[in-house]
Amino acid sequence: IHACDLVAIAYQDKFFRDDPYYQARRKVALLVGLDCLEPCEGGFCPTVDAGPFVRPGTADLILQPPSQSGGTWLLLAVSEAGEKSLKGLSLRPGPADWREKRAWQERNAVARFASVPYIREGIHKINQGQVDPKTWESLGTQCFTCSGCTNLCPTCSCFATKDQKTSPASEDFERERCWDSCLFEGFQREASGHNPAVTPGQRVERYWYHKFSNDYLEEFGRYGCVGCGRCERTCIGIIGVHSVMKRLAEQP
């Protein structure tokens, strides 16, 4: 798993910390992280401290690819579970200066990322309340509510529940949980019919507020964006993270 997705799993660990179903699956999972030596398309993980190298405390094992053809992989066991998983394997000890080499390779990888100052400027404007509502409404008209961004975002955690018959002829039901999207018109609609996010612009604003608001730093310890850039690559309305944050940064 790449560094950004490992950070996202750590984010979900906090969101679902009291969920017995999620935690039961996490307890039997061994997370193997992969350092990224090159930027991915649209990625900006260094800007939000989610990569490109695996962050401490997010994996059990870390794999670092060779930096050149014919080189060797570096394998690090960084948790008790990771160490146990390697017992009985015949592995060569790493070089004595592996820490220095890994740190150098990370600096080299970070230097390859494109400069994205508009991301930080957009974050600042969101948190200072400096985004004109008309800007959000303009962005909202470009949203097709396809939920591509929320389905691909590794930190999105919105879900709904539904009751399903156990079989067509049965009178027994079981409750199922399924992914949902805050960009759907009915996501926040209340039983009374009131909808606090009735316009597309309000829903787009809510989505990005959850990704970059300082209000969530205390609870999760970081922003809800790990810089993977998937929303930009999938959005048919051209309102992924780069497009949106550029618009916000350019707004007077």
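Reply: Gladly; below, values are set beside the definitions they are judged by. This is a predicted model, in which local features need pLDDT of at least 70 and side-chain atom pairs count only at pLDDT 80 or more, while totals for chains, interfaces and linings use all residues. Residues are numbered from 1 along each chain as its sequence is written, and side-chain values use heavy atoms, with hydrogens and water left out.

Me: Why is Ser-213 called buried?

Reply: Buried means under 20% relative accessible area, exposed over 50%, and partly exposed in between (1.4 Å probe, protein chains only). Ser-213 has a relative accessible area of 2%, so it is buried. It lies in the loop between α8 (200-212) and α9 (217-220); helices (H or I, at least four residues) and strands (E, at least two) are DSSP runs, numbered from the N terminus.

Me: What does Ser-213 touch, leaving out residues up to four places away in sequence?

Reply: Asn-127 and Tyr-223, where contact means heavy atoms within 4.5 Å. A polar atom of the Ser-213 side chain also lies 3.0 Å from the backbone nitrogen of Asp-215.

Me: What makes the phi of Thr-145 worth a remark?

Reply: Phi of Thr-145 is near 45°, a positive value in a residue other than glycine. Ser-147 also has a positive phi, about 65°, and is not a glycine. Most residues other than glycine have a negative phi, and most peptide bonds are trans.

Me: Where is there a cis peptide bond?

Reply: Between Gly-51 and Pro-52, with omega about 10°. Pro-52 sits in the loop between β1 (32-34) and β2 (61-64).

Me: How do you know that β2 and β3 pair?

Reply: Two strands pair if DSSP finds at least two bridges between them. Four bridges join β2 to β3, and the two run antiparallel. Leu-61 stands opposite Ala-77 in β3. Strand β3 (residues 74-77) has Leu-74 and Leu-76 on its covered face, with Leu-75 and Ala-77 on the uncovered one.

Me: How do you know that Phe-159 is partly exposed?

Reply: Its relative accessibility is 34%, so Phe-159 counts as partly exposed. Phe-159 is found in strand β4 (residues 159-165).

Technical notes:
A polar contact is a pair of N or O atoms within 3.5 Å; within protein, one must be able to donate a hydrogen and the other to accept it, and residues adjacent in sequence count only if both atoms are side-chain atoms.
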